[in-house]
Amino acid sequence: VATTATYVTPVHALGGALARITDVAWIERAAVASEVALRACEQPDCTDAPAWSEQLAQHATPTLPAAPYVQARVTLHSDGTRETELDSLTIRYQTR
């Protein structure tokens, strides 16, 4: 079993410019906690390659630029004996 794996979500259109993230939460089955980072993009495929946020804690409210798209990166960790599972990732936000 791999001890680390990274999943990058599809880009999500927000329907307007991001005003703020109000909550980030996830449910996982893991021996070692996962790391989640976000980025706000100007391009619908994030080819503008903005920087990722710092690793977030559960229920974080990171400050991101006012852009119309958001993407998440989840780094999953395992103790090497059991596979890690990410059941859900929820990002709550407000637009302008």
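**Salt bridges**

I find Arg29, Glu85 and Asp87 linked in a network of salt bridges, a salt bridge being a side-chain nitrogen of Lys or Arg within 4 Å of a carboxyl oxygen of Asp or Glu. I note that this is a predicted model, in which local features need pLDDT of at least 70 and side-chain atom pairs count only at pLDDT 80 or more, while totals for chains, interfaces and linings use all residues. Residues are numbered from 1 along each chain as its sequence is written, and side-chain values use heavy atoms, with hydrogens and water left out.

I looked up the closest N and O atoms of arginine 29: they are 2.8 Å apart in the salt bridge with aspartate 87 and 3.1 Å apart in the one with glutamate 85. Glutamate 85 is in strand β6 and arginine 29 in strand β3, so this pair ties together parts 56 residues apart in sequence; strands are DSSP runs of E, at least two residues, numbered from the N terminus. Arginine 29 is partly exposed at 47% relative accessibility, where buried means under 20% relative accessible area, exposed over 50% and partly exposed in between (1.4 Å probe, protein chains only).

I count three salt bridges by this rule. Aspartate 23 pairs with arginine 92, their closest N and O atoms 4.0 Å apart. Aspartate 23 is buried at 13%, whereas arginine 92 is partly exposed at 47%.

**Disulfide**

I find one disulfide, defined as a pair of cysteine sulfur atoms within 2.5 Å. Cysteine 41 and cysteine 46 form it, with sulfur atoms 1.9 Å apart. The S-S torsion is about 90°, so the disulfide is right-handed.

Definitions and conventions: Helix = DSSP H or I, 4+ residues; strand = E, 2+ residues; numbered from the N terminus.
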